Amino acid sequence: MAEIVETKLSNGLMILSQEVHSAPVASCWAWYRVGSRNEQPGITGASHWVEHMLFKGGAEFAKGQIFKQVNKNGGVLNGQTSRDFTTYFETLPADRLDLALRIERDRMTNAVFDPAEFEAERTVVISEREGIENEPMFVLNEDQQATAFREHPYRWSVVGWKEDLRSMTRDDLYSYYRRHYNAANAVLVVVGDFETAELITRIEELFGDVPAGEQAADGLPAEPPQIAERRVVLRRPGGAAYVLLGYHSPPAGHEDSYALGVLDTILSGAKSMGSGGGSGHRTSRLFHALVEAGLAVDVGSAYQASKDPFLMHVWSTVREGVNIEKVEQAIRDELKKTADEHVTAEELGRAVTQIRASFAYSGDGVTSLARRLGAVEMTSSYKLLDTFIDRIETVTAADVQRVAQSYLRPDNCTFGWFLPTGEPGGSGTAVAGGIRVPRSTALGWPCSSHVQAVLHVSTRHNMAPDIERFSVFHLTPPAPRLPFIRKSLDNGVAVIASENHASATTVIVGSLPAGAIWARAGQMGVNRFTSGVIQRGTDTRSFNQIFAAFDSCGASMSVRSGRHTVDFAIKCLGDRWRELFGVLLDVLRQPAFPEDHVEKVRGLILTERSEDEDDTGFVAMRALHRQLYPAGHPYHHNVSGDKETIAAMTRADLAAFHKRHYGPDGSIFVIVGDVDAQRAADAMAGAIADWQAPPRPAQPALTAEHPSKPQREDIEMSNKMQCDVVLGFKGIARSHEDYIPLLHGTQIVGGMGLMGRLGDNVRDRQGLAYYAYASMDASPGELPWIVRAGVNPANVSRTIDSIRDELRRLRDEPVLEDELDDVKAYLTGVMPIRIETAAGRARMLHSIEFFKLGGDYLDRYADIINGVTVERIQSAAQKHINLESCTIVVAGPESK
């Protein structure tokens, strides 16, 4: 990578560029120094609403064309609003970078705020707010911030107060846009495969005539010092109790920020800096004091770098049956220890190593590099990146103690409790964009808890599953090169290795056939329970020894059961993968099932299940599976079982499941990184070759019949603000001849652009929902083909009717040739972006092996995609989207 180059145009526009020639990809980000901190009562949420409007087109790009252009050119795009900034990005094949520059030039000054579009978007942003109001932790966090801040605009959330969203006018919003979107208030960040001189020349041509304007004023009211502890208690139906502590803390770049970052890491592990890679959670102080002590199912902390002084959060999800006061006291006791005594030299060294590793991981891929560069500039200065690691390495134990004493004081804290009352009836998913994401991956944070995702929600919009693109010309890019070594072992293991010397990151991913489909009747969830316990100790290593091996070098390991397989992953730097791979194999092959840890994991799962019962999305999808698949079918049940089966399961049940299903046959191990592929493949194969196990049981049948008639189930969750609507049909396996044509149809009806035809109809034209999308899983069996929408209860019937209309249209009318061209261009063009990072390459190689697509799949990929015709799409839709046997589930407040 070349050095970061700063350029400033005469109108004040700052340009930060960095050449990275490891892949033919470039990422362009436009950052604006405007966020919720720049708002005032009456227009809270304006920054976020403006972000929505700026995807509706301008002088050059008409409504809908931004998404179409980017996706059709093989790119991805997104937008994000936070407390301190708003940003937009496009990552594209490098030869299409000019498209991103033209989009951002048009967006900067030419946005159209059509009054009718403004009113339609009012419903959408209110729907977005109602969706996150389903989450108790969001409401608790919002109330906590309003209590912690008396003067500063950080006292309201990014999405804004609903009353302001209802009353704001088009002129209010347009004036806000004109005031804050200008050259002097913007920073353009471009990272990727380009020549700097040519880039700057082109930017000057496009942006040189933009009015300078003014930077956003920094004269915001200072928050008076807090002199006494404050408290917020929220009571409403829910699945689990939460504790949330917020301590006033200094801004990014403050001399204490480095020591606070180290303290945060000691408390709950290193955090991701944009591209995954958090580590240290399970050897951290808070984890041992609360989770291992049986008080909580999760705990975390976060010192959040902000432009102005904000809050350092500490939170916990209380384990079922534990008094919430006891959990709060345990947190306070642990924080007091950091103020009363020095942390150990071992803890300090481990924390610094973890931060150093997270920083390195965030440099894997041009999108992550550009995001990191712009985010730091928005809150302080990008120049701090040059000295960041040096400053972290100078932090001493005395520094950590000093900042703990200065900031983690009770009189500097606002304490928050959520106390569930009555039956669950809410949502435990975090809205991280246009679609909801599971707790375990929400916003990419390293902790498993959805709490952290909610605390950091900044209305980042993942514009539908895999989104679209468009170009005035249709080019089929050359097949991306992904050379690899494959070894097939006598015991049934496949080992795959590929080199990626563009990054210091090494990734191992893999799977073995031990998912939920293998659970016996009466033992649903044994797969999830087993995958949790095997990480808790082996015949040769304790729980602490397992995770100390990873945390000591800033690495991470995950093992978790899914529907079909147990999936595992390692992320590390350099050559440490050899040692860590041995630990992973020990976990998979020789778990000890320590009785005390069996009970700890049982408590975690039972509390998770209670949270699930408070999740409208989970409740709707569970009901859909039960309606589509008969009792006894592997897809009828929830992947993680239910509370009754988990409560009754014994250690012997887990050991027996492991013995039957954890074996080499059908296992896949993939390594990608700064390695010699042949040597890595040989080393991995040598470590696995002696693994033997009894023959694997026959896989249960994964086929099913379509329901004979339409089905509908309404599940009332009265305390929620928004309904989850799910329409589903029995789907098809990845191996089915109609899979690729149906994938094209799915993108057209509910994926491309801002969620395809469904998004255009339900969200954009009618303003009925924040999201409405279609999706299908690549699966060895017939998992559902679904449409999901997040809808106000008053709009449920109209939404369902509109979804039916679009599905009927897909079945009865041929798709347009332009639509098909767009999908083909996207699916072929986006491949280089998907395999740019080590993790992306590893996932792709694993999928190719798992679905037996063939070693030459990427060479054939463009021909496969481009071979789909209009007729094949309509035929697939007519066969598999059967409106006469449609199953509909609505979960949420009673629909009108």
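Modeller: On a 1 Å grid over the protein atoms alone, a cavity is a set of points where a 1.4 Å probe fits but cannot get out, and its lining residues have an atom within 4 Å of a point. The model is predicted, so local features need pLDDT of at least 70 and side-chain atom pairs count only at pLDDT 80 or more, while totals for chains, interfaces and linings use all residues. Residues are numbered from 1 along each chain as its sequence is written, and side-chain values use heavy atoms, with hydrogens and water left out.

Colleague: How many residues does H26 give to the lining of the largest pocket?

Modeller: A pocket is an open set of points with protein on both sides within 12 Å along at least five of seven lines, and the largest pocket here has a volume of about 600 Å³. Its lining has 30 residues, and those nearest its centre are Gly64, Lys68, Met752, Gly756 and Asp760. H1, H2, H26, helix H27 (796-812) and helix H28 (817-829) each supply at least two residues of this lining, while H26 gives the most, namely 10 residues.

Colleague: How many residues apart in sequence are the parts that aspartate 764 and lysine 63 tie together?

Modeller: Aspartate 764 and lysine 63 form a salt bridge (a side-chain nitrogen of Lys or Arg within 4 Å of a carboxyl oxygen of Asp or Glu), with the closest N and O atoms 3.3 Å apart. Aspartate 764 lies in helix H26 (residues 752-765) and lysine 63 in the loop between helix H1 (46-53) and helix H2 (65-72), so the pair ties together parts whose separation in sequence is 701 residues.

Colleague: Is aspartate 764 buried or exposed?

Modeller: Buried means under 20% relative accessible area, exposed over 50%, and partly exposed in between (1.4 Å probe, protein chains only). Lysine 63, at 32% relative accessibility, counts as partly exposed, whereas aspartate 764, at 13%, counts as buried.

Colleague: How far apart in the chain are glutamate 292 and arginine 536?

Modeller: Glutamate 292 forms a salt bridge with arginine 536, and the closest N and O atoms are 2.5 Å apart. Glutamate 292 sits in the loop between helix H10 (285-291) and strand E9 (296-303), and arginine 536 in the loop between helix H17 (526-533) and helix H18 (543-551), so that the pair links distant parts of the chain, separated by 244 residues.

Colleague: How many of the residues of H25 are buried?

Modeller: Helices are DSSP runs (H or I, at least four residues; strands are E, at least two), numbered from the N terminus. In H25 the buried residues include Tyr739, Pro741, His744, Gln747 and Gly750. H25 is mostly covered, and its buried count is 12 of 12.

Methods:
Grid points are joined across faces, edges and corners, and a volume is the space filled by probe spheres set on the points.
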